[in-house]
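Hi everyone, thanks for making time today. I'd like to walk you through one structure and the way its parts meet.

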Amino acid sequence: MKLLLLMPDANIHRIKFGSFSMSFREAPLTLTTLAALTPDGPEITLIDESIQRVPRNQRFDLVAISCLTGTALKAYRWAKHFREQGSKVVLGGIHVSLCPNEATEHADTIMTGFSETTWPQMIHDFIAGNMAARYDGERGDVSLLPSPCRNLQKRFGYAMPHAVSATRGCGCHCSFCSIPAADYGWQTRPVEHVIDEIRQFPARRFTFNDVNLLQDRDYALELLNALSPLKKLWGGLATADSAMDDELLIALETSGCQYLLCGFESISAVSLASINKKFNQAPDYKRHIEAFHQHGIAIQGCFIFGLDDDPPDIFEKTVDWVNELKVDIPRYAISTPYPGTQLFKLLEKENRLLHRHWTHYDTQHVVFQPRHMSPEELDAGFQKAYRETFSLKNIQARTKSSPHPLITGIGNLAYRRYLKQLQNDRGRIHRKEAS
Ligand code: SF4
């Protein structure tokens, strides 16, 4: 049995050097985990289209495609292609969990929720010739997760090739976020399982891919303390208010944390309240970043433009803040109403969605009518903020003030190059539905 595990190209936060593509993100764990959950037997091919070519003319018995909202239309095209070649196609991923009725039209089988138990079952059913039309894994059970088959993954092409997951989900309820919309809940893996995986990395540097690694303080401290003797260097995601906790900061530093990605989202208290992220307090950002810096941690800070209370001058104000706050690697997103989120429901109710062309639901395109500006003004402001933030002068200042000048310099130059791709992106604002 030949099995293809496919992740379609998200086409964002990726830079090209001739025919070589480099993704800014860490090596994803979805396909390698599915490979590890696959019972013995199938010959597995694993393809991440953002850095590899899809073997479109090869014959597979079963093709499993994992999709996000931004890659859903591409996933459906690949599903059609392989079904025409005689393969059975399974669709899964967060978009399928959020829009199962839509996905079911494009696949032989869909899988919602997590796959620890449903994936092996689906493979057994396929081999027995009685695969069901749908498998619902719901929140799954992270303690059942095996170590991902990282040997099947191409290592070159990711900014961070060694990634591990310690937790699942997030207990917060930000209105724009797919994680609460998909009802991930919150679970932690046994610390010893996580440490065992990290110990096996062939390199000193790695990344946690958890969306809110430090949410459970006791678990985080246990994990960080167990990590310290390994003398590794790492990065991950956390909420900015983690900087208020001295014990946590010390444990982060001692465990080898070099950088954290924090969703600051906005400099406006009203906007933060509107997205249900009141635990972020803009006046505290400077103090947070200084505290992280004092503990040797560089900050990748994310900000969203186009929130309902954003005034037209939000772009310049945010760039000024980013410079003053000394955010090491800034990153901007356009507010994106992913299906199933509170934000999507609000905009749909107010008839402000421009279309459901999911490819543009990727935080890099305007897909709705903003409240205080036109879609064109939002897009122009977003690009201008990128341009000004990543001027050589600003990059130089940021690199100088960073606790990790090399990481900061490389990260900033990568975003400066990425900006060029944004500018070459024609037809940035769609107004028609996908056909
Ligand atoms: S944006 Fe971050 S903190 Fe908010 S719900 Fe999503 S994962 Fe949690």
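Predicted model: local features only at pLDDT ≥ 70, side-chain atom pairs only at ≥ 80, totals over all residues.

Let me start with a definition: I call it a salt bridge when a side-chain nitrogen of Lys or Arg sits within 4 Å of a carboxyl oxygen of Asp or Glu.

Now the overall picture. The protein has 16 helices and 17 strands. Along the principal axes, its C-alpha atoms fill a box of roughly 60 × 55 × 40 Å. For 435 residues, a compact globule would have a radius of gyration near 22 Å, and the protein comes in at 21 Å, which agrees.

On to the domains. The domain assignment gives domain 1 as residues 2-141 and domain 2 as residues 162-424. Their contact draws 24 residues from domain 1 and 30 residues from domain 2. As for spacing, the C-alpha centres of the two domains are 26 Å apart.

How much area is buried between domain 1 and domain 2? The value is about 2400 Å², and carbon and sulfur atoms give 62% of that.

Side chains of opposite charge can pair when their charged atoms come close. The structure holds 23 salt bridges, and the count between domain 1 and domain 2 is two.

One more pair I'd like to show you is Asp9 with Lys74, whose side chains meet in a salt bridge at 4.0 Å, N to O. Asp9 lies in the loop between β1 (2-7) and β2, while Lys74 is in helix α2, so this pair ties together parts that are 65 residues apart in sequence.

That's my tour, and I'm happy to take your questions.

Conventions:
Residues numbered from 1 in each chain as written. Heavy atoms only, no water. Domains from an automatic or database assignment. Contact = heavy atoms within 4.5 Å. Buried area = accessible area lost by both parts, 1.4 Å probe. Helix = DSSP H or I, 4+ residues; strand = E, 2+ residues; numbered from the N terminus. Rg over C-alpha atoms; globule rule 2.2 N^0.38 Å.
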